[in-house]
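Hello,

Here is the structure I promised to pass on. Please have a look at it first; my notes follow below.

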Amino acid sequence: MRQNRYILITPARNEQDYIELTIRSMIQQTALPLRWVIVSDGSTDRTDEIAMRYAAEHEWIEFLRMPERDERHFGGKVTSFNAGYERIADLSFEFIGSLDADLSFEPNYFEYLLGKFDEDPQLGLAGTPFAEKGRTYNYRFSSLQHVSGACQLFRRACYEGIGGYVAIKGGGIDSVAVMTARMKGWRTQTFTDMVLEHHRPMGSGSGAGRIKAYFQFGQKAYRLGWHPLWQVVRSLYQMTKPPLLVAGLALLAGYLSSWFRGMEIPISRELMEFQRRDQMRQLKAFLAAGRRNTT
């Protein structure tokens, strides 16, 4: 067993309905982490109680409580992650992972990912897709070089080389980490032989809530510097998915509203240009494949 080669950090805010599923999945792992720090990001429900109970039973689980905060944003997740990292930075480990608190997965999940790193010394960041109610993303329309933020496992040299996660209030910290790693010469990869089960649906709730979520995804795409043509094609594709037309239109509207308002893009120009070149490369490859399939 590949024991004690990695550490995990889980920022968790009001996850009482799901965190026990994640903890039970970790306890069953064939390759346990050296340390798993669960950081409560000012939770006001039973998240702390559940995490503390398991931490008392397993010496490799550590619980850390952050102060409550009025404003909820993705920058707080980075603050919590960094607080967890400070607790384990002096330990000897090869890999560091960020794991959300609303997931479940197979007992050999982390052994599987560690094996991928062993096979490729240039692999800096790895993960797998996540499924919601048994459905996962169609990777014909997305690059396997992107790694979902639900679970990102870094080679330690890669994580420290990119300077860790960047606190961006509007989200996209996982995307920035992936693109920065790639820009610095590391390989990043989503491996589709294993799948996480995501128990809190993205944009869940009422129909109006889902449309608002797509609008916010469009805003985030602009703040992350996505190429306008890439976003148009992505929105057109989303129009073919339920809810038909409306989700894609909301996605495009979010992007365009941010553009017209001149919202700040909180990433470097170097990273934005790298990302846009990559998106155009992917788009050309996708269109070329489409032309081949029609001839």
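To start with the cysteines: is cysteine 151 buried or exposed? Cysteine 151 is buried, at a relative accessible area of 1%; here buried stands for under 20% relative accessible area, exposed for over 50%, and partly exposed for anything in between, using a 1.4 Å probe and protein chains only.

Before going further, a word on the source: this is a predicted model, in which local features need pLDDT of at least 70 and side-chain atom pairs count only at pLDDT 80 or more, while totals for chains, interfaces and linings use all residues. Residues are numbered from 1 along each chain as its sequence is written, and side-chain values use heavy atoms, with hydrogens and water left out.

Back to the cysteines. Cysteine 158 is buried too, with a relative accessible area of 0%. The sulfur of cysteine 151 has its closest cysteine sulfur in cysteine 158, 14 Å away, which is too far for a bond. Taking a disulfide as a pair of cysteine sulfur atoms within 2.5 Å, the count is 0.

Next, helix α2, which covers residues 47–57. (Helices are DSSP runs of H or I with at least four residues, strands are runs of E with at least two, and both are numbered from the N terminus.) Its buried residues are Thr47, Asp48, Ile50, Ala51, Tyr54 and Ala55. Seen down the axis of α2, these fall within an arc of 165°, so they line one face of the helix; the arc is that of the directions from the helix axis to the C-beta atoms. What do the buried residues of α2 pack against? Their partners are β1 (6–12), α1 (19–27), β2 (35–41) and β3 (61–66), where contact means heavy atoms within 4.5 Å. On the other side of α2, Ala56 and Glu57 are exposed.

There is also an open sheet of 3 strands, in the order β5-β10-β7, with mixed pairing. Its edge strands, β5 (103–104) and β7 (130–131), each pair on one side only; two strands count as paired if DSSP finds at least two bridges between them. β7 and β10 (residues 196–198) run parallel and are joined by 2 bridges. Alanine 131 has glutamate 197 in β10 as its bridge partner.

Finally, glutamate 264 sits in the loop between α9 (246–261) and α10 (269–294). This glutamate 264 is exposed, with a relative accessible area of 63%. Its C-alpha atom is 9.6 Å from that of glycine 225, a residue 39 places away along the chain.

Best wishes
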